Amino acid sequence: MGSDDLHAYLLRVGGDSMSPRINAGEYVLVEPSFEAQPGDIVVVRLTSGEVMLKYFRADYGEEVALESHNHGFTLKTVRKSEIVFMHQVRGTLYRRKIKKRVT
């Protein structure tokens, strides 16, 4: 899986809020140059420093709704003023597909 986004990055997932769709230890390809839309999986960083991987479920104007895949977590509503960034996730890369760069 590649990306046309020059600012794309890989992020290693921790936690189980998106399990079993995306599991701890797997990597996601994040494309910050493309605007996230409701229905997308996103990486969100809050002003508190918390970083989350969630489904972007709805935009309510001043707030957004974020949902986990794991039903053990509740729907989270966050004020846009608390969001440092919300980047779109293009897909999951499993550990066995990641090659370490040799320099």
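A: Let's start with a term: strands here are DSSP runs of E, at least two residues long, numbered from the N terminus. Keep in mind that this is a predicted model.

Q: Using that numbering, where does N70 lie?
A: N70 sits in the loop that links strand 5 (63-67) with strand 6 (76-79).

Q: And what does the side chain of N70 reach?
A: The backbone nitrogen of G72, at 2.8 Å. Contact means heavy atoms within 4.5 Å. Setting aside neighbours within four places in sequence, N70 is in contact with D16, S17, M18 and S19.

Q: Moving on to pockets, how do I read one?
A: Rolling a probe the size of a water molecule over the atoms shows where empty space is left. In this model, the largest pocket holds about 200 Å³ of space. It has 13 lining residues, and G14, S17, V51, M52 and L53 are the closest to its centre.

Q: Which strands supply at least two residues each of that lining?
A: Strand 1 (9-12) and strand 4 (51-59) do. Strand 4 gives the largest share, 4 residues.

Q: What is the lining of the largest pocket like by class?
A: You get 7 nonpolar, 3 polar and 3 charged residues.

Q: Now strand pairing: which way do strand 2 and strand 7 run?
A: Two strands pair if DSSP finds at least two bridges between them. Strand 2 (residues 27-31) and strand 7 (residues 83-93) run antiparallel, joined by 5 bridges. Look for V30 opposite V89 in strand 7.

Q: What about strand 3 and strand 7?
A: Strand 3 (residues 41-46) pairs with strand 7 in the antiparallel sense, over 5 bridges. There, L46 has I83 of strand 7 as its bridge partner.

Note on methods
Residues numbered from 1 in each chain as written. Predicted model: local features only at pLDDT ≥ 70, side-chain atom pairs only at ≥ 80, totals over all residues. Heavy atoms only, no water. 1 Å grid on protein atoms, 1.4 Å probe; cavity = no way out; pocket = protein on both sides within 12 Å on 5 of 7 lines; lining within 4 Å. Points joined across faces, edges and corners; volume = space filled by probe spheres on them. Nonpolar A, V, L, I, M, F, W, Y, C, P; charged D, E, K, R; others polar. Polar contact = N/O pair within 3.5 Å; in protein donor to acceptor, adjacent residues only side chain to side chain.
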